[in-house]
Amino acid sequence: MIIDYQHALTWFETLPAAQQYPTQHPVYIENEVAQLSKRKSCFLLVQSGSDFLYLAGHVPSSVEQIQDFESVRGYGGVITNTEGPRFAQLFEQLTAFLKALGFMVGFIRCTPLLANQIYFREAAFFDRKTVAIALTQHRGLSDFSVRARTAVRKAIKNQVVATLTNESDDWQAFYHLYNARMQALGATDEYCYSADYFTALAKWPLAHLCVCKVGDEIVSGAIFIAVGDYVEYHLSASNALGMKYASTQLCLATMSEYWSAQGHHFLHLGGGITLAPDDRLLFFKAGFSELSFDFCFVKWLINETQYLDLKADFESRGLPTNRVIFYR
């Protein structure tokens with residue numbers, strides 16, 4: 001049931017385009033986990049006849065720690081071709097397998113466009129809304145809100161140019177731009193990446209960098225990951241000039257047209273920074289589409305008795321237990 005990276009990669013690439021989601025791809029998983037200390041990637045595959053259940057994420061690299069499973073940053077959850085009792089049977093097999101290995105709990109970030117939280121019912125919890133552009137129906141600038149169209153025209157008027165690039169210098173420049181922006185925002189380590197991470201993405205044919213320039217200066221950029229029917233708007237950043245000239249709006253407008261022409265079905269922009277309905281980032285993204293999806297997470301109790309006992313112990317000592325994996 002635990003398969004290695006190469007097996008996962010070979011198997012994943014046999015899936016129909018509608019089931020190949022960018023942040024479920026084994027290359028994406030490996031790149032994300034490489035940024036984590038004391039964690040290793042984990043690919044799970046359960047099969048029964050033609051039925052399958054795939055789940056990927058990361059686990060502790062040492063068996064001395066409490067064993068848990070967690071989705072990588074972004075969106076994960078199960079990919080399966082069955083449901084109802086047949087899915088339940090596969091999932092029970094997987095849960096029993098991991099319990100026997102000493103696993104206690106799993107934290108799964110579901111994929112909004114796949115709506116794969118439906119397999120978990122009461123174990124799934126709504127977190128926030130996300131936004132996606134339906135590329136198969138995309139008609140260009142006219143699809144966007146007035147504020148988004150105005151911003152794109154502002155960028156063009158100020159001679160901002162958006163370009164797809166695979167130049168190593170552009171990837172390096174975006175790495176510095178992105179981390180500078182994260183530091184300015186006071187972002188946690190979770191949102192900061194090493195130079196090696198960007199180098200790895202630059203070598204992956206499914207990761208694409210769009211940069212916006214004013215003259216020779218890169219004022220903003222964004223990484224898109226295109227897999228199967230989907231494109232994920234992964235990392236984005238602007239400097240002061242880029243924000244002044246609405247360069248990110250031009251980037252999204254340019255790339256939505258590009259991905260539509262490439263035959264992809266959805267460009268997923270993600271959600272906001274906070275859970276507030278008036279979150280500024282969510283408001284920004286909603287200017288490009290009225291199509292929204294639910295982002296949910298799942299608390300997977302692999303060994304419920306052990307989990308609840310540990311939680312009660314933490315609470316008796318006045319320690320916080322408000323996260324699914326509260327003990328780390």
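The second largest pocket of this predicted model holds about 670 Å³ of space. Of the 24 residues that line this pocket, those closest to its centre are His58, Glu70, Arg109, Glu190 and Arg328, and the elements that give two or more residues to the lining are strand S6 (103-109) and strand S13 (292-301). Sorted by class, the lining has 10 charged, nine nonpolar and five polar residues.

Salt bridges come next, and the count for the model is 10. Glu70, Arg109 and Arg328 belong, together with Arg39 and Asp68, to one network joined by salt bridges that share partners. Another pair brings together the side chains of Asp170 and Lys213, at 3.9 Å from N to O; because Asp170 lies in helix H5 (residues 168-185) and Lys213 in strand S9 (residues 207-214), this pair ties together parts that are 43 residues apart in sequence. Asp170 counts as buried, at 11% relative accessibility, whereas Lys213 is partly exposed, with a relative accessible area of 27%. Arg139 and Asp143 form a further salt bridge, their closest N and O atoms being 2.8 Å apart, and here Arg139 is exposed at 63% while Asp143 is partly exposed at 25%.

Conventions:
Residues numbered from 1 in each chain as written. Predicted model: local features only at pLDDT ≥ 70, side-chain atom pairs only at ≥ 80, totals over all residues. Heavy atoms only, no water. 1 Å grid on protein atoms, 1.4 Å probe; cavity = no way out; pocket = protein on both sides within 12 Å on 5 of 7 lines; lining within 4 Å. Points joined across faces, edges and corners; volume = space filled by probe spheres on them. Helix = DSSP H or I, 4+ residues; strand = E, 2+ residues; numbered from the N terminus. Nonpolar A, V, L, I, M, F, W, Y, C, P; charged D, E, K, R; others polar. Salt bridge = Lys/Arg side-chain N within 4 Å of Asp/Glu carboxyl O. Buried < 20%, exposed > 50% of the residue type's maximum accessible area, 1.4 Å probe, protein only.
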